[in-house]
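Please keep the sequence and the model in view while reading.

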Amino acid sequence: MSTTGANADPLATLGSLPGVAESVESVRKAVDRVYGHRIMRRRSPEITSEAALRGARGSAALSGADWALEEVRRRTDFGGDGEARVMGAALRLSAEAGQLLSVWRQSPLRVLARLHVVAAAAQGDEVGRPRQAGEPVDEPLIELPLPDAQEVSGRLEGLADLIIAGTSAPALVTAAVVHGELLALRPFVSHNGLVARAAERIVLIGSGLDPKAICPAEVGHAELGRAAYLAALEGYVSGTPEGMAAWIAHCGRAVELGARESTAVCEALQRGAA
């Protein structure tokens, strides 16, 4: 996404793209429905905890570790094979995201660095900083052209400036742009998809759209499927108004599906079945 030009609030401009206002309104209604569920008055911490688990499972599925929810609950060792490490990284990020809300608006780049450290859970000069020229990127499920390190640095700074300056854009638009930009750039040597989805979660929570973190967009992204996810991302990377609007709408549908998932959890708790 270009962050240059005369418009002081390019994110707000995206909110006026055809179809985006409808997506924003549909998301708001879906979120309001789950927040209005009677079980939320008494057991919202349980819904939040369950949403975090299901969101982590969904994010890991998009990064190649598509485990059944009960398998995620059962496992305690996430240091084994590649899929287990991906799942462990997703779970750690889900737990960490809520701790970084107060830092995000002042220093988004610091938050992104922290997310990468948490996901990688490893030592090394390449961990917790944007990749440098010549460093490879381990993100096999995203095959889009990879921007060079200089472009990554400039666009990350531009994104951070937008976040710090603030915007009148709806939370869905900001979250979608943060998510899409990080996937397009793949600024770290690994775990970029997991970090991008964690950052989307931080925006949705911190904006006040989903303050209790009960509408896990990651669930929706996984339900919509990797092929649709990557196709929508190509629209974002194209930079066209149609492509950007399609990506925002895709992210909006993911939030709606996350809200639907938590509504089902509420209803199960209400029946005493969960």
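This is a predicted model: local features need pLDDT of at least 70, side-chain atom pairs count only at pLDDT 80 or more; totals for chains, interfaces and linings use all residues.

Residues are numbered from 1 along each chain as its sequence is written, and side-chain values use heavy atoms, with hydrogens and water left out.

**Nonpolar core**
- A nonpolar core is a set of buried Ala, Val, Leu, Ile, Met, Phe, Trp, Tyr and Cys residues joined through side-chain atoms within 4.5 Å; buried means under 20% relative accessible area, exposed over 50% (1.4 Å probe, protein chains only).
- The largest such core has 82 residues, and W104, L112, L115 and W247 have the most contacts inside it.
- Beyond its neighbours within four places in sequence, W104 is in contact (heavy atoms within 4.5 Å) with V111, L112, I163, V178, A199, I202 and V203.

**Cysteines**
- The count of disulfides (cysteine sulfur atoms within 2.5 Å) is zero.
- The closest cysteine sulfur to that of C251 is in C215, 15 Å away and too far for a bond.
- C266 is also in no disulfide, with the sulfur of C215 nearest at 9.4 Å.
- C251 is buried at a relative accessible area of 0%, and C266 is buried at 0%.

**Helix α2**
- Helices are DSSP runs (H or I, at least four residues), numbered from the N terminus.
- The buried residues of α2 are V20, S23, V27, A30, V31 and V34.
- Seen down the axis of α2, these buried residues fall within an arc of 95° (directions from the helix axis to the C-beta atoms), so they line one face of the helix.
- The face turned away from the buried side of α2 carries the exposed residues E22 and R33.
- The buried residues of α2 pack against α1 (10-14), α3 (40-62), α9 (171-185) and α13 (241-271).

Note on methods:
Helices (H or I, at least four residues) and strands (E, at least two) are DSSP runs, numbered from the N terminus.
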